[in-house]
Structure formats: C-alpha cells, structure tokens
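Could you walk me through this structure? I'm new to it and would like a plain tour of its helices, sheets and rings.

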Amino acid sequence: MLSKRVIGILTWREGLRFEEPNYLRKLVQTGQKLGAEIYLFSHQDVNVPARKIKGFIPKPNGGWISKWFPWPEVVIDRYRRRVKEYIRLRNSDLFFFANSPFSKKWRVTNLLASDDRVKRWIPETHVYEKGKVRNMLARHGLVYVKPGNGTGGRSILRVKSSGKEYSLSGRDKKQKHHVARVNTVEGVEKWVKTWVGEQGIRDGNFLVQQGLDLGLLPKHVVDVRLLIQKDERGEWEVTGCAARMGKNGSATSNLHGGGRALPFESFMFRRFGEERGELIKQECYQLAFDVANKLEDYFGRMMEFGLDIGVDVNGRAWLIEVNPKPGREVFRQIGDMALYKKAIARPVQFALYLARNQARFLSL
Ligand SMILES: Nc1ncnc2c1ncn2[C@@H]1O[C@H](COP(=O)(O)OP(=O)(O)O)[C@@H](O)[C@H]1O
Ligand SMILES: [Mg+2]
C-alpha cells in the first residue's frame, strides 16, 4: 500500500487549548477523509533531533488525542500570534511551508498602491502622524483611522465631515461603541490623538485612510468578504464571496463586531440591479486574482487570502484589507454549507498537491 502523505498544521496551543478549535478540528477531519496523515502541532511539539512531532488530532466526540507523528512533508501555517518561538520556527528551514509569512497592513497597502495593475483599487492611505487627519479631511469627507495590526474591526474610528461639524464613531479594543460630535478640525485632531493613545496598539502604527461610503443600506455599512484559494492543481481560484452588513450605526462590518453575512448575489443584485451586480462581482474577482498574484510575486508562495472589499454607493470596488489566515464563517452564516466545506477542503488539497510535487518545487 502507498504510504500516506504527511501534512502538519502549525498553530498556537497552550495545554489543550487551541486558538480556533472548531475550524482546526474540521480541517484535520477533512484531511483524514482525503487520505492524508494530518495533525496539528505548535512550536513546543517539535523534536528536531528525533525528527518527529508530538501532534494532535480530534477525538470523534470532542477533545484531542496527542501522539508522535512522522515529520510533515508540507506544513500549513495557521499560527496567528507573533510569538517569538513561532517566528524562530518560521525563519528556520525545518519545514516546507504551503504559505509564506506575511507583512503588516501598511507594507501590503504600500506595495499594492505602487503596482500599476492594482493601484486603482487601493484607497489613499498614510501612516498616522501629526497633521495627517486634518490633511485627509481637507480632501475626503470621510476618513478612517485604524491600527496597522488590528483584527475584528477593533480600535477603528470613522470621522465624517458634514459642513462645519464632524461626527466620530468607532469601536475600541474591547468592541465598545463610541460616538462623538466635534465642531472644529482641531477638536477632531485632539479626539483622534487621545483615541490612538488609549488603544495601546503594540507593534505597528495607526493608519489614516480615505473613507469609502459603504452605506448600501440605511444606517448600515456593507462590504464584501471574498475568499481566494489555491486549488488541488496549485492554481488560484475564487472559492466564493459574501456581503457583510455591520451592526446598526457601526463603522465596521466585521462579524466579531456584531455584523451579519448575506448572500452576495441576492444582496448586490437587489441594490444595483442584476446586470450591474454581475459586473461588480466580476470586478471583485479580477481584483482578487490581480492582488493574489502580486502579493505572491512579492512574498513567495501563498495558499489563500480573505479579502475585505468595499463596494461604494456608486458601485465602485475598493480593497480594504488582505487577510492571509482568513476565517470561513461567512459561508456558514449564509447557509452555503457546500461552499463552507469547499473552503475547508482547499488548503488540504493544495498541501497534498505540494507534497506530491515537492521535488519539483525544491529544485526550483
Ligand atoms: N477606508 C475605509 N472605508 C470604509 N470602511 C472601512 C475602511 N476601512 C475599514 N472599513 C470598515 O471597517 C472594517 C474593518 O476594517 P479592516 O481594515 O478590515 O480591519 P480589521 O483587521 O479590524 O478587520 C471593514 O471591513 C470595513 O467595514
Ligand atoms: Mg478586516
């Protein structure tokens, strides 16, 4: 019998606590169904001299089994914390990774904004510094101030100018909603300065970004989450996309901040008409392929991206954020279980493709 392909999934672990237990459980089970020897491991589970790994697989009825596994042929990196042992592992040449390390928002935005093919989709973005908010407000009626290393819409502030008044709205690092009205631009600068100070963002600066009018529904912002992944032939494919509607009055659409997922087509077709909606979808796909290819040229082999795409009230598409280790929850929320399953299977199929063709990749 042919021996099984061995795939490792690198992730954060403390005791039997994993960062995304439900997703990781499904990822391993999907891999097992596809015939792989597949397991989770963290940085502390690697025995380099013995070339083996103390890995974890799900028990059928909950919980985890831990045992020694052979060295993985391919490793999927799903580690989402910047722990120094993890960084050391990534910088070593111990493993053949399916996906390369990624960079902070600012570097990624800068890179994309300087590319002729993709720059038309990138909102004007600067690092936060004295005078920047005022400067951006002079040119844009709407400005977003957000951390360069944030997640889940935390610490993001929207500043809207309406005549002589400014309204501010945001959610702090604990997802608490804040609003304020300020009469002068000096007042806005002061408010933003306090906000940036209070959010206590560790590494990475705040960014000041051209705001997009995503008010596709009254009182709600709506944007798009698109998942682009490598398939079993190693080619980029758009797995699917969904609209996300933010909580009433919220400046962000993130599901973690109370947002809700909606099917892309029924929402966009109702908002923009079928013909226009179809063109918007095509533009989102084109954006995704161009962005994925550009980022891969720069960072090296990648496996998947979750793109946050803004479609403004005029139907114009913009790239808001690139997530290199994205969730798949939007597909579950819209009830498209086939898509949800596909989104989980693809990383394993791609890792198996890499394992089968590894010799070719290593000799490049
Ligand atoms: N420039 C912007 N214009 C309009 N909405 C924005 C802008 N930047 C962020 N948002 C809203 O905030 C959400 C979160 O922003 P994002 O940059 O994706 O940060 P996070 O890493 O916290 O998800 C977006 O999905 C979008 O709804
Ligand atoms: Mg986001």
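## A walk through the model

Let's begin with helix α7, residues 274-299: it has 26 residues and covers 37 Å from its first C-alpha to its last, close to the 38 Å expected at 1.5 Å a residue. Keep in mind as we go that this is a predicted model. Just after α7 comes G300, which takes a positive phi of about 95°.

Now for the sheet. Six strands make up an open sheet, in the order β9-β14-β10-β11-β12-β13, and the pairing is antiparallel. At the edges you'll find β9 (125-127) and β13 (177-182); each has a single partner strand, so one side of each is left without a neighbour in the sheet. Going from one strand to the next, the twist averages 20°. In general, strands of a sheet pair through backbone hydrogen bonds, either parallel or antiparallel.

Helix α3 (residues 105-113) packs on it, touching β9, β10 (142-147) and β14, and its direction makes about 140° with that of β9. Helix α4 (residues 132-139) lies across β9, β10, β11 (156-162), β12 (165-171) and β14, and runs at about 10° to β14.

Next, the aromatic rings. A search of the whole structure turns up 16 aromatic pairs. One of them is F350 with Y353, a stacked pair at 6.1 Å centre to centre, with 20° between the planes. Why are these two separated by about one helical turn? Because F350 and Y353 are three residues apart in helix α9 (residues 337-356). The general rule is that an α-helix has 3.6 residues a turn, so residues three or four places apart point the same way. Both residues are tucked away: F350 is buried, with a relative accessible area of 1%, and Y353 is buried too, at 12%. Y353 also pairs with F361, this time edge-to-face, at 6.0 Å centre to centre and 80° between the planes.

Elsewhere, there's a whole group of rings to spot: Y39, F41, F69, W71, F95 and F97 form one aromatic cluster.

The charged end of K230 sits over the ring of W236, 4.8 Å from its centre. For R316, the charged end sits over the ring of W318, 4.0 Å from the centre of that ring.

Terms used
Residues are numbered from 1 along each chain as its sequence is written. Chains are lettered from A and ligands numbered from 1 in the order in which they are written. This is a predicted model: local features need pLDDT of at least 70, side-chain atom pairs count only at pLDDT 80 or more; totals for chains, interfaces and linings use all residues. Side-chain values use heavy atoms; hydrogens and water are left out. Rings of Phe, Tyr and Trp (its six-membered ring) pair if their centres lie within 6.5 Å; planes under 30 degrees apart count as stacked, over 60 as edge-to-face and the rest as tilted. Helices (H or I, at least four residues) and strands (E, at least two) are DSSP runs, numbered from the N terminus. Buried means under 20% relative accessible area, exposed over 50%, partly exposed in between (1.4 Å probe, protein chains only). A charge sits over a ring if NZ of Lys or CZ of Arg is within 6 Å of the ring centre and within 35 degrees of the ring normal. The expected span of a helix is 1.5 Å times one less than its number of residues. Two strands pair if DSSP finds at least two bridges between them. Axes are lines fitted to C-alpha atoms, for helices over the stretch in contact, and angles run from 0 to 180 degrees between N-to-C directions. Contact means heavy atoms within 4.5 Å.
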